[in-house]
Amino acid sequence: MQEIGNSTVRFDSSNSQQHTLSIRFSADGFSFFVYNPGHRNDSFYKVYPVNSQRSMAANVKLFLNDVQELKASYKQVNLLIHSPRYTAVPLELFDDDDIEFVFYQTFPKRNNEIVMCNVLNGSNIAILFSLDKLAHVFLSEFFPKARFLAAISPQLELLQNKVHEGSNCKLYANLHPENIDIFCFNKGKLLLVNSFICHAVSDRCFYLLGVWKQCGFDAERDDCNLAGCRNEREELATALRKYIRSVFIVNSLPEFIAPELREIEELPFDIQSLLACE
């Protein structure tokens, strides 16, 4: 079972208990991916548009009511929250009791949100992130055993493992329609993780080069890697190559992702990362 692009495929929920459901919630749209961990070519990916005039909770409620595939019973459910409202805290400074206090040192407080955390032992940090309270209630009631994950978390875990290849510094950028996630590493050590609201190529270039300079990277020796929005990566790469010698496009993750899934070009990089980390 597989939906690629605009093709229509009927979903067979009779054996759904063998499958994992991963849902990605973002202001630019929701999407979900169903796959069988034992047979990763047995997969299904679908995008669900959201109404920007409605609240996050209203869009979540409509999504849960509309999409029949969500009503099946799954072995595992992952809920990825894509939002720039997250912050990273070293584990040695992390305390469960202080997550709200620490989070609101970075962001202005909102009364209608809940603050959660993901502990990333492989990266030795905790990611604190937030979600609309009512949306959290709807999702928790619908998926009582689901894992809530910041979309940044699986990306960071995957890249932390990947950057040990080579001795130079590496910048990774995941392009979304309205923002960009940036990760910087120095010989395997995380230097920076941040997200910026921007969509024009000139703005993306500005933020990437600013972070590159801030981290002290070498334009001749270090490399920049671009994932995400396929229709923008090449244009951005061309602009960056005026200043950085080694700019690469991350089309897929062949060393982690099953060959049968590489055809799903729309599969977001954070969902790919989650697959690779499981």
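Modeller: Contact means heavy atoms within 4.5 Å of each other. By that rule, residues 24 or more positions apart account for 59% of the contacts in the protein chain with a separation of 6 or more. This is a predicted model: local features need pLDDT of at least 70, side-chain atom pairs count only at pLDDT 80 or more, and totals for chains, interfaces and linings use all residues. Residues are numbered from 1 along each chain as its sequence is written, and side-chain values use heavy atoms, with hydrogens and water left out.

Biologist: Why is helix 4 called largely enclosed?

Modeller: Buried means under 20% relative accessible area; exposed is over 50%, and partly exposed lies in between (1.4 Å probe, protein chains only). Ten of the eleven residues of helix 4 (152-162) are buried, so the rest of the structure largely encloses it. Among them are Pro-154, Leu-158 and Lys-162. Of the 278 residues of the protein chain, 53% count as buried.

Biologist: How do you know that strand 6 and strand 7 pair?

Modeller: Two strands pair if DSSP finds at least two bridges between them. Strand 6 and strand 7 have eight, in the antiparallel sense. They therefore count as paired. One of the bridges joins Val-119 to Ala-126 in strand 7.

Biologist: What makes one space a cavity and another a pocket?

Modeller: Escape. On a 1 Å grid over the protein atoms alone, a 1.4 Å probe fits in a cavity but cannot get out; a pocket is an open set with protein on both sides within 12 Å along at least five of seven lines. Lining residues have an atom within 4 Å of a point. Points join across faces, edges and corners, and volume is the space filled by probe spheres set on them. The structure holds one cavity of 30 Å³ or more. The largest cavity has about 90 Å³. Of its 14 lining residues, Ile-81, His-82, Ser-83, Pro-84 and Tyr-86 are closest to the centre.

Biologist: Which elements and residues line the second largest pocket?

Modeller: The second largest pocket has a volume of about 600 Å³. Of its 25 lining residues, Ala-27, Met-56, His-82, Ser-83 and Arg-110 are closest to the centre. Strand 1 (20-26), helix 1 (56-66) and strand 7 (125-132) each supply at least two. Strand 7 gives the largest share, three residues.

Note on methods. Helices (H or I, at least four residues) and strands (E, at least two) are DSSP runs, numbered from the N terminus.
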